[in-house]
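Please examine the structure shown here with attention to its packing and its contacts.

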Amino acid sequence: MNTILEAKNINKFFHDPVRIQVIEDLSFSINKGEFVSLTGKSGCGKSTLLYVLSTMDTDYDGALFIDGEEMPKKNEPFLAKIRNEKIGFVFQFHYLLNEFNVLENVMLPGLKLAKYSRAEVEHRAMEKLKILGIDHLALKKSNHVSGGEKQRVAIARALINDPHIIMGDEPTGNLDKKNSDMVFDIFNQLSSEFNQTLLIVTHDPSFAERTHRIIKMEDGKILK
Amino acid sequence: MRKRLLINIASALLLARWRQTLVAAVGVTFSITMFITLLSFMSGLNDLLDGLILNRTAHVRIYNDIKPNADQPINKTAKYASGHNFIGSIKSDANRQAIYNSDAIMKSLQKDSRVLGYSPKLTAQVFFNDGSIDITGSIFGINAQEETKLFHFDDYITTGNSADLNKVSNSIILGKGLADKLLVQIGDGVQITTSKGERFQLKVVGTFQSGIKDFDNVQSYASLNTVQKILSVPNDYVTSIQVKLNDIKQAPAVAKEYEKLYQTDAEDIQTANSQFETGSSIRTLISYSVGITLLIVAGFGIYNILNMMIFEKMDSIAILKATGFSGSDVKSIFIYIAISIGIFGGLMGLLFGFGLSSIIDQIPFNTVSLPTIKTYPINYNPKFYVIGIVFSFITTYFAGWFPARKASKIDPVVIIRGK
């Protein structure tokens, strides 16, 4: 089993308005192909942890390894490249760019990576849309599709660069039961069919129960 | 590839807010238009006013000044040579006003490669007799052909023809004011009395308007020979030689050289007319500062609009950063937006500026003192257009730089967490 993501002795403090420790000496690792959910009550620090793990928040103590490589804390362009290449994001809100159509939204991170030509990126984006069953929406403006469809577009965008890991911050938080189930099914399919590693923050117990592994957090610590 | 992608994103953001973009671009267009028009008009006016004097003034004037001799006898005495000698009641030299060896000087001027041309001149102070009234005036003896070639003499002839000065013997061209006072027209005769009391009858072949009324009231032109005859002096008698150089900037140096070489006085145009240069440079300075002020105002417009755009596009910036666009990528996107507004607005500004100045160029501008000018003067110097586009580029770059830097510093976590 190769380790995709490893956190070693992560500590994080909020300084404003008073110094509070949000994450206390937290260590764990995620292996390839695992479908992990991170749960806990509101304010237990699970989202904060996810942002640390995603390299977007660099204000922490401890070490973070992605794909065996330690993440520096200062090198912003390097971290941007890591996020582009190795991490796919799905947030509670879809964050699609209204100026572009669905296909272009999916293509953007791929074009940024510039590993493939534009035509190839387009082809790959269409494939991802097909996997998610929304290829018929490809040329629609992104603000002209429904909420559930938007979230699926966001998942396709997360997949475009074949990331090592997909991180989700309550990706079903804004969706109704039907769409939540659909998103879960997609994640499950990605995990089983494509051996995709996933780390999803959720406070939906029914969603968490169905994942391979649950990391439960309370007051900045992992409950065993 | 990276650049193209960023430009794509920038243009998508631009087009999504095309109304705002257009307003920003119109701001730049307006300021560049005004900048170009103002400078073209101002500099056209400068050229006109300078031309009024400078075109008609010799770059170097060779003459004999009336002044006391610098070599006073006391200075030549060894005993007093070391001190500073004060001499009271000193008188100017009784030397003649004519230039010695004028023929030889003119021949050597002809060989000088720095000289575009020269024209000898002779001034006679006379009285124009109008019945019982005597009007003081002066007659310039000139070579009409050279004078036209070098100093645009023809431009100021309102009636008659300058060439007639040579064709018709004892002919004269009067200033408009002078002709009006004497109540004469072309073909009429005027009688003059020289300072020595001799009388002459001259035939009017034209009138001129120099644009400076005081000149026109007292001046007149005749051929060199006629004036020599009036003064009863020989054929080589000239009181000044007007030299026009190829490069006006050389005038002070050349004047100094001629002073030594020909043992006469020589005055350069810069010394003689320094006030015109000061006037022109201050007018130019004012137009530039107005133009640049307009551009800076337009720059603030762009700054505001970009700031607003960044505020609106917080989410997009956050997701771009989350999915792997670095701070410098985001910065580039907003700088591209600013620069494309600047270039588009600037180019339109050049076009409109050219249009507006051509319109001004067509507006009739008739003034009595400037007979050759029919419309408002415009100078279509390409320099203004280059400066205009460069300035629009620079201001929009800086107007975009600060908002772009702000956008590049946006922390995606703060935005995403805030939802």
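Predicted model: local features only at pLDDT ≥ 70, side-chain atom pairs only at ≥ 80, totals over all residues.

Residues are numbered from 1 along each chain as its sequence is written, and chains are lettered from A and ligands numbered from 1 in the order in which they are written.

Me: Are α5(A) and α6(A) roughly parallel or roughly antiparallel?
Reply: Helices here are DSSP runs (H or I, at least four residues), numbered from the N terminus. The axes of α5 (residues 147–159) and α6 (residues 177–194) of chain A come within 10 Å and cross at roughly 20°. Axes are lines fitted to C-alpha atoms over the stretch in contact, with angles from 0 to 180 degrees between N-to-C directions. Because angles under 35 degrees count as such, α5(A) and α6(A) are roughly parallel.

Me: What separation do the centres of domain 1 and domain 2 of chain B have?
Reply: An automatic or database domain assignment sets the bounds. In chain B, domain 1 is 2–54 + 276–418 and domain 2 is 60–74 + 96–271. Taken over C-alpha atoms, the separation of their centres is 51 Å.

Me: Which helix gives the most to the side of chain A that touches chain B?
Reply: Contact requires C-beta atoms, placed from the backbone, within 7 Å; 24 residues of chain A and 23 residues of chain B take part. α1 (46–53), α2 (76–86) and α3 (102–113) of chain A each supply at least two residues of chain A's side. With six residues, the helix that gives the most is α2(A).

Methods. Parallel < 35°, antiparallel > 145°, perpendicular 65-115°, else oblique. Contact = placed C-beta atoms within 7 Å.
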